[in-house]
Amino acid sequence: MTRYAHNGEIRIAFEDLGGAGGDPLLLVMGLGTARFWWPDGLVAELVGRGFHVVAYDQRDAGQSTHLPQRRVGPPIKALLHRETPAYSAEDLTDDAVAVLDALGWEGAHLFGHSLGGLVAQRTAIRHPKRVLSLATSSAVPSDAKGLRLLRYLRLACLPRFARLHYPETPQGNLDLAVAVARILAAPGQHIDEHDVREFVDKEAAHQVASFREERAQSRQIGAKWHGGPLARIAAPTLVLHGEGDPLLRVAAARDIAAAVPGARLRTLPGVGHFLARDVWATYANELRALADRADEQPQINGVTQR
């Protein structure tokens with residue numbers, strides 16, 4: 001069931017995915033993508049590891065507030081532009097905390113994928129007392145800005161996204177989702193309708209269609225960060241990255257892990273940017289171990305001490 005948190009006039013949609021009574025875990029999905037793109041199988045693995053799992057839609061995605069249309073270019077241009085098109089990266093972190101407030105959670109473990117991993121990093125910096133542990137997958141480091149970000153991108157795959165044109169029909173939405181997932185998959189990884197149908201069906205039931213709103217994606221990715229560096233993250237941190245990620249180089253994960261004190265890096269061969277079923281159990285095990293490590297570390301004034 002969809003519930004809503006509020007950050008000022010912005011309404012943030014979220015959903016309790018199960019595991020009540022377990023350790024609080026907030027999932028943060030990537031660019032322009034609704035919470036429905038968290039695979040049921042991965043959520044089940046996390047619930048089975050003792051987590052109470054909640055996922056939300058970032059602003060400009062899913063059922064959350066979409067900002068008024070503004071003149072913005074494609075996402076890659078917004079990424080490199082110096083001006084913020086609509087809102088700040090701090091606003092995105094405050095949205096996550098608004099969800100925690102609505103749930104009555106003083107703190108939570110955060111797991112962010114892709115752009116969600118970037119938002120999770122910044123939430124741990126801006127709101128350290130609210131983050132029990134931090135896990136990212138397939139994300140770029142928060143410290144990288146402007147042209148520095150290009151060193152992490154595999155630019156060859158970007159034209160493939162630009163060539164995706166499918167009719168705005170149920171079958172067209174399914175075909176688009178399959179095409180996007182195939183671009184994000186590791187080389188040689190087989191992706192078909194079975195891998196994405198659950199996401200598309202959920203979106204259709206909630207009148208959502210991810211990847212259709214380029215301007216919203218540009219506003220999200222163009223949100224500029226004015227906060228502190230990764231070195232300020234105090235929460236126990238895990239950095240996950242697929243060695244076959246066709247969108248982001250493994251160097252992105254290495255640089256996050258190098259910048260965050262005490263962070264653990266885990267790269268996985270044959271894994272891409274898409275959260276395919278072959279990583280679900282591994283990721284759930286890693287997050288369980290991270291949460292256990294967080295529980296063992298003392299805290300002063302709500303901030304983990306290393």
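Biologist: Is Trp225 buried or exposed?

Modeller: This is a predicted model. A residue counts as buried when its relative accessible area is under 20%. Trp225 has a relative accessibility of 5%, so Trp225 counts as buried.

Biologist: Where does Trp225 lie, and which residues is Trp225 in contact with?

Modeller: Trp225 lies in the loop between helix H8 (214–221) and strand S7. Leaving aside neighbours within four places in sequence, Trp225 is in contact with Ala89, Glu90, Thr93, Arg122, Ile125, Arg126, Ser142 and Lys145.

Biologist: Which residues of helix H9 are buried, and why are they on the same side of H9?

Modeller: In H9, residues 250–259, the buried residues are Val250, Ala252, Ala253, Ile256 and Ala257. They cover an arc of only 155° around the axis, and therefore they are on the same side of H9. Among the elements that cover these buried residues are helix H4 (115–126), strand S6 (131–137), strand S7 (237–242) and strand S8 (264–268).

Biologist: What span should helix H10 have, and which of its residues are buried?

Modeller: The expected span of a helix is 1.5 Å times one less than its number of residues. H10 (residues 280–296) has 17 residues and should therefore span 24 Å; its end C-alpha atoms are 25 Å apart, which agrees. The buried residues of H10 include Trp280, Tyr283, Leu287 and Leu290, and also Glu286 and Arg288.

Technical notes. Residues are numbered from 1 along each chain as its sequence is written. This is a predicted model: local features need pLDDT of at least 70, side-chain atom pairs count only at pLDDT 80 or more; totals for chains, interfaces and linings use all residues. Side-chain values use heavy atoms; hydrogens and water are left out. Buried means under 20% relative accessible area, exposed over 50%, partly exposed in between (1.4 Å probe, protein chains only). Helices (H or I, at least four residues) and strands (E, at least two) are DSSP runs, numbered from the N terminus. The arc is that of the directions from the helix axis to the C-beta atoms. Contact means heavy atoms within 4.5 Å.
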